[in-house]
Amino acid sequence: MSEKISVTNAIRVLRAHQITYTEHLYAYEDKGGTAVSARELGVPEHCVIKTLIMENEKKHPAVVLMHGDCEVSTKNLARILGCKTMSPCAPDVANKHSGFIVGGTSPFGTKKTMPVYMQASIADLDMIYINGGRRGFLVGMRPADCARVLQPQWVDVAIDAH
């Protein structure tokens, strides 16, 4: 594919940390989610990592990284974090916190510094595909490199979505 990829804040962060990554453009479909990106890249949806902006009852935001084919147990996440509730932010609120547009949210280079919680089983994968900072653009990398940049708290809050 010869389309020129714009340098996003996410890419700037990866370059600054000297992370080795691959760039993957695909035809973004509104509300298609990780099923579409996995299909377009020809990779298992389990290896496509979604970046979710969530908030607790005090409206404090956090980034949650989860397998594409799984959901987040918000009850378990809240219990682990010691708060009453954790829930997904409304799209406009998520956009404000991250500086990205929902569907193109990357955990790298967010506008606000937020705690990052990463599903522990992501570390078991050889390669992950995560948003590169715009719709229709994923970056492939080793989970260890992702963790080195983000310094996440590892959590086990996955629920099978299928």
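**Group meeting: cores, pocket and loops of a predicted model**

Let's start with D156. Leaving out residues up to four places away in sequence, D156 touches I80 and Q119. Contact here means heavy atoms within 4.5 Å.

Some ground rules. This is a predicted model, where local features need pLDDT of at least 70, side-chain atom pairs count only at pLDDT 80 or more, and totals for chains, interfaces and linings use all residues. Residues are numbered from 1 along each chain as its sequence is written, and side-chain values use heavy atoms, with hydrogens and water left out.

Back to D156. Where does D156 sit? In the loop between β9 (153-155) and β10 (158-160). Helices (H or I, at least four residues) and strands (E, at least two) are DSSP runs, numbered from the N terminus. D156 is exposed, at a relative accessible area of 57%. The cut-offs: buried is under 20% relative accessible area, exposed is over 50%, and partly exposed is in between, with a 1.4 Å probe and protein chains only. D156 and I122 are 34 residues apart along the chain, and their C-alpha atoms are separated by 9.9 Å.

P143 is in helix α5. Is P143 buried or exposed? Buried, with a relative accessible area of 5%. Its contacts, leaving aside neighbours within four places in sequence, are M118, I122, A123, L125, D126, M127 and I128. R79 is another matter: P143 and R79 are 64 residues apart in sequence, and 25 Å apart in space, C-alpha to C-alpha.

Now the interior. A nonpolar core is a set of buried Ala, Val, Leu, Ile, Met, Phe, Trp, Tyr and Cys residues joined through side-chain atoms within 4.5 Å. The largest one has 36 residues. Which residues have the most contacts inside it? L14, L65, F108, I130, V139, M141 and C146. At least two residues each come from α1 (9-16), α2, β2, β3 (61-67), β6 (116-119), β7 (128-134), β8 (137-141) and α5 (143-150). β8 gives the largest share of this core, four residues. Apart from this core lies another, of 13 residues, with V64, L77, M86 and V157 among them.

Not counting residues up to four places away in sequence, L65 touches I49, K50, T51, P107, V116, Y117, M118, Q119, I122, I130, C146 and L150.

Next, α2. Buried residues in α2 are T34, V36, S37, A38 and L41. What do they pack against? β1 (22-25), β2, β7 and β8. An α-helix has 3.6 residues a turn, so residues three or four places apart point the same way. After α2 comes G42, with a positive phi near 70 degrees.

Most residues other than glycine have a negative phi. Q18 lies in the loop between α1 and β1 and is exposed, at 69% relative accessible area.

On to the pocket. On a 1 Å grid over the protein atoms alone, a pocket is an open set of points where a 1.4 Å probe fits, with protein on both sides within 12 Å along at least five of seven lines; lining residues have an atom within 4 Å of a point. The largest pocket has a volume of about 800 Å³. That volume is the space filled by probe spheres set on the points, with grid points joined across faces, edges and corners. How many residues line the largest pocket? There are 31, with K50, T51, L52, V102 and G103 nearest its centre. α2 (33-41), β2 (48-56), β4 (70-72) and α4 (91-98) each supply at least two lining residues. β2 gives the most, with seven. By type, the lining has 15 nonpolar, 10 polar and six charged residues. Here Ala, Val, Leu, Ile, Met, Phe, Trp, Tyr, Cys and Pro count as nonpolar, Asp, Glu, Lys and Arg as charged, and the others, Gly among them, as polar.

Last, the cysteines. C83 is buried, at 17% relative accessible area. C89 is buried as well, at 9%.
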